[in-house]
Amino acid sequence: MARNARPFQHDFRMDLHGRTAVVTGANSGIGYITARELARAGAQVVLACRNPSRAQAAFDRLRTEVPGAQVESRRLDLADLSSIREFARQWDRGGLDLLVNNAGIAMVPFARTADGFESQFGVNHLGTFALTGLLLEYLAAAPEPRVVTVSSEGQRFARFDVGNLDAERRYRTAFAYVQSKRANLYFAMELQRRADAWGLPLRSMAVAPGLAHTNILTGGANANRGRL
């Protein structure tokens with residue numbers, strides 16, 4: 001570094017007053033930080049979480065860290081299509097400015113969702129797909145809607161097997177995970193293509209957060225793995 005150079009810094013502060021955002025999986029990790037910073041910027045934030053007690057804990061923590069934040073929690077289980085439909089049915093805030101599809105599971109033992117889908121593909125892709133579709137009318141009602149879908153660098157290693165999307169023949173934990181994350185990327189790109197075709201001002205983006213210190217590999221179905 002040159003003698004007089006200073007470390008790169010950027011001011012990411014923004015004014016989101018009057019905007020409404022939904023963040024799935026907002027009770028911890030990337031989802032919580034995203035929700036907190038959106039609230040800090042003035043957005044009205046809905047914490048969409050599967051576990052009510054963890055959602056309440058996140059709500060309390062966020063209100064402590066951002067006094068005066070406009071935030072609420074609502075139950076959403078991406079492993080259950082009836083829960084997704086109920087979340088969308090109860091939406092009462094009008095236009096939705098931002099949907100952050102963050103919730104997901106990773107490297108879990110074989111299981112199926114409430115509707116019989118392999119859990120990683122069911123939660124990470126199918127649940128996200130269903131939620132976005134059911135909220136699309138509210139996104140379309142916002143002036144500049146955004147959908148951000150959290151994928152993974154792991155998708156680079158996916159060999160997308162359209163003949164085994166639901167682990168009908170064989171289940172390999174890591175393979176199922178990266179395949180679901182590749183599906184996230186395909187979904188984000190196709191959503192943008194269709195929004196453009198429909199003339200909607202919607203912007204669909206995919207993001208890979210890289211390595212992050214979260215509990216995705218040690219929580220939920222992975223709770224018995226241990227810290228290592």
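Ala-167 sits in the loop between strand S5 (146-150) and helix H5 (173-198). Although Ala-167 is not a glycine, its phi is positive, at about 55 degrees. Its relative accessibility is 12%, so Ala-167 counts as buried (buried is under 20% relative accessible area, exposed over 50%, partly exposed in between, with a 1.4 Å probe and protein chains only).

Keep in mind that this is a predicted model: local features need pLDDT of at least 70, side-chain atom pairs count only at pLDDT 80 or more, and totals for chains, interfaces and linings use all residues. Residues are numbered from 1 along each chain as its sequence is written, and side-chain values use heavy atoms, leaving out hydrogens and water.

Met-107 is another non-glycine residue with a positive phi, near 55 degrees. You'll find Met-107 in the loop between strand S4 (98-101) and helix H4 (119-140). Met-107 has 24% relative accessibility and therefore counts as partly exposed.

Now for the sheet. Six strands make an open, parallel sheet in the order S3-S2-S1-S4-S5-S6, where two strands pair if DSSP finds at least two bridges between them. S3 (71-75) and S6 (203-207) are the edge strands, each pairing on one side only. From one strand to the next, the twist averages 15 degrees. Strand S1 (residues 20-24) runs parallel to S4, joined by three bridges, and Ala-21 stands opposite Leu-98 in S4.

What packs on S2 and S3? Helix H2 (residues 52-65) does, touching strand S2 (44-49) and S3, with its direction at about 170 degrees to that of S3. Such angles run from 0 to 180 degrees between N-to-C directions, and axes are lines fitted to C-alpha atoms, for helices over the stretch in contact. H4, meanwhile, lies across S1, S4 and S5, at about 175 degrees to S4.

H4 also meets H5: their axes come within 7 Å and cross at roughly 20 degrees. That makes H4 roughly parallel to H5 (under 35 degrees is roughly parallel, over 145 roughly antiparallel, 65 to 115 roughly perpendicular, the rest oblique). Residues in the contact (heavy atoms within 4.5 Å) include Phe-121 and Phe-129 of H4 and Tyr-177 and Phe-187 of H5.

Definitions and conventions. Helix = DSSP H or I, 4+ residues; strand = E, 2+ residues; numbered from the N terminus.
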